[in-house]
Amino acid sequence: SALSNCWRKAGKAMLKKFVEFVSKCPILSNAQINVNYLDSMPGSVSVEPQGEAEIVKQYISGERLLRRVFKIALRGESSRRKDINMQYAQRMEELAQWLCTNTLEMCDISVISMPEAEYSASLATRISLTAEVIYAEA
């Protein structure tokens, strides 16, 4: 339907804006940031939208506040050594701090889950955090 296409366009625009914003973080300055794809190489980064945009509030004027949730994932190394994995966890904690102290125009960003590590026998550690973005749409 036309309405669902409108939602998809708004969601894609915010996804692009959020990826560009995250790419400005000094901690990720040398990283290629992918969307919905986390490479197997240590240091790889992925921004993963979690569902569609949701209406938080709708005004009589037609303006809406929307909420979009993104997971940001970082590939660690295939190592059981805590010191190596802690380096990647520290990077994600620094990213969380950066997200909370820097602003994206016309948006309110908050981290809703701190870094979590996911271990796999075949792949390097995946460390991720979840952020939400509240933004206005006319």
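## M41 and the β1–β2 loop

At a relative accessibility of 53%, M41 counts as exposed; the classes are buried under 20% relative accessible area, exposed over 50%, and partly exposed in between, with a 1.4 Å probe and protein chains only. M41 is found in the loop between β1 and β2. Helices (H or I, at least four residues) and strands (E, at least two) are DSSP runs, numbered from the N terminus. The C-alpha atom of M41 is separated by 6.7 Å from that of R75, and the two residues are 34 apart along the chain.

The loop between β1 (33-35) and β2 (45-49) also holds N36. Although N36 is not a glycine, its phi is positive, at about 60 degrees. N36 is exposed, with a relative accessible area of 52%.

## Basis of the model

This is a predicted model, in which local features need pLDDT of at least 70, side-chain atom pairs count only at pLDDT 80 or more, and totals for chains, interfaces and linings use all residues. Residues are numbered from 1 along each chain as its sequence is written, and side-chain values use heavy atoms, with hydrogens and water left out.

The predictor's confidence in each residue is expressed as pLDDT, from 0 to 100. The protein chain averages a pLDDT of 82, and 83% of the residues score at least 70. Over residues 1-7 the pLDDT is below 50, and this stretch has 5 contacts in the model beyond near neighbours in sequence; a contact means heavy atoms within 4.5 Å.

## Overall architecture

The secondary structure of the protein chain comprises 2 helices and 6 strands. Along the sequence, these elements follow the pattern α-β-β-β-β-α-β-β. Of the 138 residues of the protein chain, 44% count as buried. Among contacts between residues at least 6 apart in sequence, 61% join residues at least 24 apart.

## R75 in strand β4

R75 is found in strand β4. R75 is buried yet has no salt bridge, and D39, the nearest side chain of opposite charge, is 6.8 Å away. A salt bridge here is a side-chain nitrogen of Lys or Arg within 4 Å of a carboxyl oxygen of Asp or Glu; for charge, Lys and Arg count as positive and Asp and Glu as negative, whereas His and the chain ends are not counted. The side chain of R75 does reach the backbone oxygen of D39, at 3.1 Å.

## Aromatic pairs

A pair of aromatic rings is described by the distance of the centres and the angle of the planes. Rings of Phe, Tyr and Trp (its six-membered ring) pair if their centres lie within 6.5 Å; planes under 30 degrees apart count as stacked, over 60 as edge-to-face and the rest as tilted. By this rule the count comes to 3 aromatic pairs. The ring centres of F18 and F70 are 4.4 Å apart and the planes stand at 10 degrees, so this pair is stacked. The pair links distant parts of the chain, with F18 in helix α1 (residues 2-23) and F70 in strand β4 (residues 64-75), 52 residues apart. Both F18 and F70 are buried.

F21 and W98 form a tilted pair, at 4.8 Å centre to centre and 35 degrees between the planes. This pair, too, links distant parts of the chain: F21 lies in helix α1 and W98 in helix α2 (residues 82-101), 77 residues apart. F21 is buried, with a relative accessible area of 6%, and W98 is buried at 13%. Ring pairs link F18, F21, F70 and W98 into a cluster.

Methods: A polar contact is a pair of N or O atoms within 3.5 Å; within protein, one must be able to donate a hydrogen and the other to accept it, and residues adjacent in sequence count only if both atoms are side-chain atoms.
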